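Here is a short report on aromatic rings and their neighbours. Look at the structure first, then read on.

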Amino acid sequence: MALLPPDPVYTIRNVDNLPVYSLAFNFLPGGLERLLAGSKNGYVYAYNLQTNRVQQKIQVGQAPILHLLHTDDQLITQEKGGKYKIFNLTNTGYKEAYNIDIDYPGFCRFEANTKLKVLYVPDMESKIYIYNFTGEKIGCLQPETQDPKLGDPMCMKYIELASDKAHLLVGYEAGWLLLWDLNTSQCIGKLQTKECPMSVDFYMEQQRGIIGNASNVIQVFSIGRKDLSLAHGTDITIKNPGINKVQSRSDGKVFVSGGWDGHIRIFSWFSLRPLVVLTEHKRAIQDVTYSNQKVSMWNADIMAAGGLDGVITLWDLYNNKNNK
């Protein structure tokens, strides 16, 4: 290890002592900086990052909030069981405007194109439904009958390749990773992975991606710049099996994995070597996310992690000189 584990800049204990399933930074007009946390009890907790205290509790439903997204004026949530809700942000708070109800028992998180206000929603039998932000179904991605049996979608990543054309990476239960052209709704690439993928991310400039799964191996893959073909890269072996989340930092210097063992591992994109292992959490990590701008309390870009121990940790790892 190149670095000794640093301490988090702050540790938030969930006020109701419940597992945290999803996280999203939320920067609103007027300088309001918040961290949203989706909990097991169906609430979204909005933490003010100036005080690190709960500013608002938003009741979404009764099931765990598996994923959430905040745009300038809307909050989108995904509950376990396939319920999606779209809330408009008003002067008096959040008002539910639209909902999507799909009988989907899995853990795959939706993806979104926020520019076009489009949602990509997983369903059973290998299907991905496409909705707009008003809850209207506008399309479907469904493999052709000659494709190998894929199983249910397990993870997705929206990316833009080849002159900013929209694509969707989808990992399936049977261990396949497919690349979909969203302009034609056609699958244009396939890659057989070694395990059922649990999480996928992709760094555009390097044309490389990472896959986390139930094993102790993080798989690296690439997409060809000209033909958009998918290819295997180097495997990274970690000590304990099970990864719920992989996430690349926006500057492309590092990426992170959140494990079943509660460990957060930071890797160099350049060398693919581990830089540090963060051991603050005592149970499985469910989500890791980076802020897309500096948080004024620390004048730094912050990484947040949450898990089944009901703890949210905030980290300033951007000033490390060794993550090259």
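This is a predicted model: local features need pLDDT of at least 70, side-chain atom pairs count only at pLDDT 80 or more; totals for chains, interfaces and linings use all residues.

Lys57 lies over the face of Tyr43. The distance to the ring centre is 4.8 Å.

Tyr45 has 0% relative accessibility, so Tyr45 counts as buried. Tyr43, Tyr45 and Tyr47 form a cluster, linked by ring pairs.

## Ring pairs

How many aromatic pairs does a search of the whole structure find? There are eight. A pair of aromatic rings is described by two values: the distance of the centres and the angle of the planes.

Take Tyr43 and Tyr45. Their ring centres are 6.3 Å apart. Their planes meet at 45°, so this pair is tilted. The reason is that stacked planes are under 30 degrees apart and edge-to-face planes over 60.

## A pair across the sequence

Phe255 and Trp269 also pair. Their ring centres lie 4.7 Å apart, and their planes are at 55°, so this pair is tilted.

Where do the two residues lie? Phe255 is in strand β23, residues 254-259. Trp269 is in the loop between β24 (264-268) and β25 (274-278). The pair therefore ties together parts that are 14 residues apart in sequence. Are Phe255 and Trp269 buried or exposed? Both Phe255 and Trp269 are buried.

## Another charge over a ring

Turn to Tyr129. The charged end of Lys137 sits over the Tyr129 ring. The distance from the ring centre is 4.1 Å.

Technical notes
Residues are numbered from 1 along each chain as its sequence is written. Side-chain values use heavy atoms; hydrogens and water are left out. Rings of Phe, Tyr and Trp (its six-membered ring) pair if their centres lie within 6.5 Å; planes under 30 degrees apart count as stacked, over 60 as edge-to-face and the rest as tilted. Buried means under 20% relative accessible area, exposed over 50%, partly exposed in between (1.4 Å probe, protein chains only). Helices (H or I, at least four residues) and strands (E, at least two) are DSSP runs, numbered from the N terminus. A charge sits over a ring if NZ of Lys or CZ of Arg is within 6 Å of the ring centre and within 35 degrees of the ring normal.
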